Amino acid sequence: MKFQQYTGPVQAKGVEDTAFYRYNLLLSLNEVGGDPLHFGGTPRQFHEANARRRDAWPGAMLATATHDHKRGEDALARLNVLSGLAAEWNDQVLNWIDLNAAHRADIDGEPAPDPNDEYLFYQALLGVWPTQASQALVERGDDQPDADPAFAHVAAPELVARVRGYMTKAIKEAKVHTSWINPNEAYDRAMEQFVEKTLTGPGAGPFLAAFLPFQQIVARLGMLNSLAQVVLKAVSPGVPDFYQGTELWDLSLVDPDNRRPVDYARRERMLAALEPLLDPESSLAPDRRLAMVREMLDHW
C-alpha cells in the first residue's frame with residue numbers, strides 16, 4: 001500500500017512537474033500522461049487504436065482537457081503545427097533570440113533567462129496569444145517615448161501578467177536555476193523583466209512586429225487542427241468529454257490560468273444565436289447557412 005501511495009506523487013513531481021519543464025523540444029508533447037519522445041502516428045495507427053478501444057474499452061473517456069492540463073486543448077493544437085513548420089520555426093526563433101538579446105540579464109557570466117527557458121517562452125506565447133487582437137494588444141502609452149515608432153502597440157496587461165506568471169512557475173518547477181524551496185531571486189527577477197521587456201518595453205516593437213505574422217499563420221492552422229480534433233473526439237469509440245469552458249477556444253496555460261471562471265452567460269448567448277443554423281427545420285435558405293459558416297471561419 002505504501003508503495004502505491006508513493007508512485008503517483010513521484011510520477012507527477014518527477015516527470016510532469018520537473019522533466020516536462022526541462023525538455024522543451026515541443027511543448028504540446030509535454031502533457032499529463034504524455035510522452036515527449038512520441039511524435040504522433042500514421043492514420044493506420046490511429047484507426048487501429050480506435051478499433052482496440054471499440055473492442056476493449058467502448059465506454060472509456062475521450063478527454064482533450066482536464067483540470068490538470070499543462071495548457072488548453074487549443075493551445076496544444078496550435079503548438080502541434082510547429083511539427084510541420086520545422087524550418088520556418090527554426091528561422092523565426094533564431095530571429096527572435098537576436099531581437100531580444102538586450103532584454104536578457106547577465107548573472108555570473110550566464111544569460112538569464114537561459115536558452116532553454118527562452119525557447120519555452122516563445123512556445124508558450126504562441127499557444128496563449130488571444131484570437132482577438134483587442135484582447136492581445138493595446139495602444140502604446142506615452143510613457144514609452146523611445147519605443148519603435150513603426151509599431152504602435154504592446155501586449156495587453158492581462159496577457160503579460162498571465163505569461164509572466166506562467167514563466168515564473170515554469171522555471172521554478174524545472175528546478176534548474178531556481179525553485180519554490182530554493183528560490184534564486186536574481187534569476188526570478190530576470191525572467192519577469194524579460195517577459196515585460198519583450199512584450200511591453202521600449203524594445204517590444206521589433207519583436208512583436210516579427211512575432212505576429214508567424215503567430216497568425218500558426219493560429220489559423222491550429223484552428224483547423226482544433227476543429228478536426230473535436231470532430232474525431234465526437235465520433236471515435238468512447239465517451240467524449242468536453243471540459244468546462246471548451247465550448248469556446250481554450251488557450252489557457254497551466255493552473256491557475258486554466259482555472260479561471262468560465263463565462264457561461266456568453267456561451268448561452270452565442271448558442272442562442274446559432275440555433276437557427278443548427279435547427280434542421282429552420283427556414284434559413286442554404287446560401288444563408290453557408291454564409292454564416294463562412295463568417296464564423298473568417299471571424300473565428
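Colleague: Which residues of α5 are buried?

Modeller: This is a predicted model, where local features need pLDDT of at least 70, side-chain atom pairs count only at pLDDT 80 or more, and totals for chains, interfaces and linings use all residues. Residues are numbered from 1 along each chain as its sequence is written, and side-chain values use heavy atoms, with hydrogens and water left out. Buried means under 20% relative accessible area, exposed over 50%, and partly exposed in between, with a 1.4 Å probe and protein chains only. On that scale the buried residues of α5 are Asp117, Glu118, Leu120, Phe121, Tyr122, Gln123, Ala124, Leu125, Leu126, Gly127 and Val128.

Colleague: Why is α5 described as largely enclosed by the rest of the structure?

Modeller: Helices (H or I, at least four residues) and strands (E, at least two) are DSSP runs, numbered from the N terminus. The buried residues of α5 are in contact (heavy atoms within 4.5 Å) with α3 (73–80), α4 (86–99), α7 (157–174), α8 (185–199) and α9 (204–235). The helix counts as largely enclosed because the number of its 14 residues that are buried is 11.

Colleague: What distance does α5 reach from its first C-alpha to its last?

Modeller: The expected span of a helix is 1.5 Å times one less than its number of residues. With 14 residues, α5 is expected to span 20 Å, and its reach is close to that, at 20 Å.

Colleague: Is Asn116 buried, partly exposed or exposed?

Modeller: Asn116 sits in helix α5 (residues 115–128). Beyond its neighbours within four places in sequence, Asn116 is in contact with Arg22 and Asn24, and a polar atom of its side chain lies 2.8 Å from the backbone oxygen of Arg22. Because its relative accessibility is 30%, Asn116 counts as partly exposed.

Colleague: Why does Thr18 count as buried?

Modeller: Thr18 lies in the loop between α1 (2–16) and α2 (43–56). Not counting residues up to four places away in sequence, Thr18 touches Lys13, Glu173, Ala174 and Lys175; a polar atom of the Thr18 side chain is 2.6 Å from the backbone oxygen of Lys13. Thr18 is buried because its relative accessible area is 12%.

Colleague: How far is Leu85 from Val218 in space, C-alpha to C-alpha?

Modeller: Leu85 is in the loop between α3 and α4 and counts as buried, at 15% relative accessibility. Leaving out residues up to four places away in sequence, Leu85 touches Phe214, Val218 and Leu221. Leu85 and Val218 are 133 residues apart in sequence, and their C-alpha separation is 9.0 Å.

Colleague: Which helix supplies the largest share of the lining of the largest pocket?

Modeller: On a 1 Å grid over the protein atoms alone, a cavity is a set of points where a 1.4 Å probe fits but cannot get out, and a pocket is an open set with protein on both sides within 12 Å along at least five of seven lines; lining residues have an atom within 4 Å of a point. The largest pocket holds about 1900 Å³, and of its 50 lining residues the closest to the centre are Glu247, Leu248, Trp249, Arg266 and Met270. At least two lining residues come from each of α3, α7, α9, α10 (264–278) and α11 (286–298). The largest share, eight residues, comes from α10.

Colleague: Which helix gives the most to the lining of the second largest cavity?

Modeller: The second largest cavity has about 40 Å³ of space, where grid points are joined across faces, edges and corners and a volume is the space filled by probe spheres set on the points. Among its lining residues are Asp74, Arg78, Trp249 and Trp300. Both α3 and α9 supply at least two lining residues, and the largest share, four residues, comes from α9.

How values were computed:
Polar contact = N/O pair within 3.5 Å; in protein donor to acceptor, adjacent residues only side chain to side chain.
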